[in-house]
Amino acid sequence: MSYRVAVVGGTGNVGREMLQILAEHEFPAKEVVPVASARSAGMEVSYGDDDVLKVRDLDKFDFKGFDIALFSPGAKVSAVHAPRAASAGCIVIDNTSQFRMDPDIPLVVPEVNPDAIARYKKRNIIANPNCSTIQMVMALKPLHDIARIKRVVVATYQSVSGAGKEAMDELFNQTRAIYMNAPIERTRFTKQIAFNCIPHIDVFMPDGATKEEWKMAVETRKILDPNIAVSATCVRVPVFIGHAEAVNVEFENPIDETMALAALRRAPGVSVIDHRADEGYVTQIECAGEDMVYVSRLRADPTAPNCLSFWVVADNLRKGAALNAVQIAEHLVKHELAV
Ligand SMILES: NC(=O)c1ccc[n+]([C@@H]2O[C@H](COP(=O)([O-])OP(=O)(O)OC[C@H]3O[C@@H](n4cnc5c(N)ncnc54)[C@H](OP(=O)(O)O)[C@@H]3O)[C@@H](O)[C@H]2O)c1
């Protein structure tokens, strides 16, 4: 079987990575079409190392005859065009926040809750979780399976690529301006991002949390277990690619470092690099361009019973977004669309 695939937001950070991964994985596509705004119509984007594809205008694009559409054009655009694609018979895998908490739409990390994918049929839409949630639940799932998680306290260190291609330019331009003693321009971030950390991602909620922090809590509960309490502090850091998280987890049942490390080593998509020595842990620089979720610095937390702390790092554009979406598409091809 061979499928027709549209990549909506195909000129963006996530969309370009989707095209790269579809090509790398030799996804069984007879046609792949990048779609973006009218601004980019006619432009060429890479498909793998050797091919280029012409970008089409989303407003004029007809999804009829397409099997799968990978969407990452921002929530407002997905709100309009994802249901349009879905009603044309195309299965939408949406990377934006638009549909994640809709009870009729599955929110999926294939290594964690693959069975949820089958529920796409109600709306023809599957939601991809937030990048920070994906890498955290990848590490939590094998631990939850052996000791039941009660509560998670997490602080994130999120790269600027998570805020789109213009945000990457802002970090670059501000850094250059500082070295050249030129004025600093701010557009995407609320404060200077070069040589700084900003504890503010997405809008503030009435309880004082930011929406990014709220997403980590509600998405973890939807994907993994509705009884897990999550307290998150999300911080933007001056790193181009890769998110890191310092995670503290309280369990219902006894768990020690050996049990936890063994469970994590068995988990698909997770790599444990934990040597308690110089360079014996993974940082953002090393995870950029990689597919695995890396766990390091795992240790018992002596301040409370049944508690562990660890550090988890992943490429937010790959496992945090594009790779997860392509894995969902691969699951559909293998289990749902195969006849
Ligand atoms: N970056 C991450 O780590 C990450 C992770 C998970 C989810 N997401 C989500 O994925 C979405 C995209 O993120 P990104 O980082 O790829 O952003 P980005 O680099 O800014 O790219 C945005 C993409 O959306 C397209 N677009 C914008 N407005 C459009 C419109 N009116 N009609 C059609 N296409 C339009 C852009 O096309 P033009 O080039 O033509 O403007 C571009 O292809 C966001 O909702 C984000 O929250 C991102």
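This is a predicted model: local features need pLDDT of at least 70, side-chain atom pairs count only at pLDDT 80 or more; totals for chains, interfaces and linings use all residues.
Contact here means heavy atoms within 4.5 Å of each other.

Helix α3 spans residues 131–147, and helix α5 spans residues 211–223. The two helices pack at an angle of about 40°, and their axes lie 9 Å apart. The crossing of α3 and α5 is right-handed. On the α3 side, the contact involves S132, T133, M136, V137 and L140. These residues meet E212, K215, M216, E219, T220 and I223 of α5. Sorted by class, the contact of α3 with α5 comprises five nonpolar, three polar and three charged residues.

Helix α3 also packs with helix α8, which covers residues 318–336. For this pair the angle is about 90°, and the axes are 8 Å apart. Since angles of 65 to 115 degrees count as roughly perpendicular, α3 and α8 are roughly perpendicular to each other. C131, I134 and M138 of α3 make this contact with K319, G320, A321 and N324 of α8. By class, four nonpolar, two polar and one charged residues take part in the contact of α3 with α8.

Helix α4 consists of 15 residues, 165–179. From its first C-alpha to its last, α4 reaches 22 Å, which is close to the 21 Å expected at 1.5 Å a residue. Buried positions in α4 are A167, M168, E170, L171, Q174 and A177. The cover over these buried residues includes α1, residues 13–24.

Just after α4, N181 adopts a positive phi of about 55°. N181 is a residue other than glycine, and its place is in the loop between α4 and α5. With a relative accessibility of 74%, N181 counts as exposed, because the cut-off for exposed is over 50%.

A positive phi also occurs at R276, where the value is near 50°. R276, too, is a residue other than glycine. R276 is placed in the loop between β12, residues 270–272, and α7, residues 284–287. The relative accessibility of R276 is 61%, so R276 counts as exposed.

Conventions: Residues are numbered from 1 along each chain as its sequence is written. Side-chain values use heavy atoms; hydrogens and water are left out. Helices (H or I, at least four residues) and strands (E, at least two) are DSSP runs, numbered from the N terminus. The expected span of a helix is 1.5 Å times one less than its number of residues. Buried means under 20% relative accessible area, exposed over 50%, partly exposed in between (1.4 Å probe, protein chains only). Axes are lines fitted to C-alpha atoms, for helices over the stretch in contact, and angles run from 0 to 180 degrees between N-to-C directions. A crossing is left-handed if the near helix is turned anticlockwise from the far one by less than a right angle, and right-handed if clockwise. Ala, Val, Leu, Ile, Met, Phe, Trp, Tyr, Cys and Pro count as nonpolar, Asp, Glu, Lys and Arg as charged, and the others, Gly among them, as polar. Angles under 35 degrees count as roughly parallel, over 145 as roughly antiparallel, 65 to 115 as roughly perpendicular and the rest as oblique.
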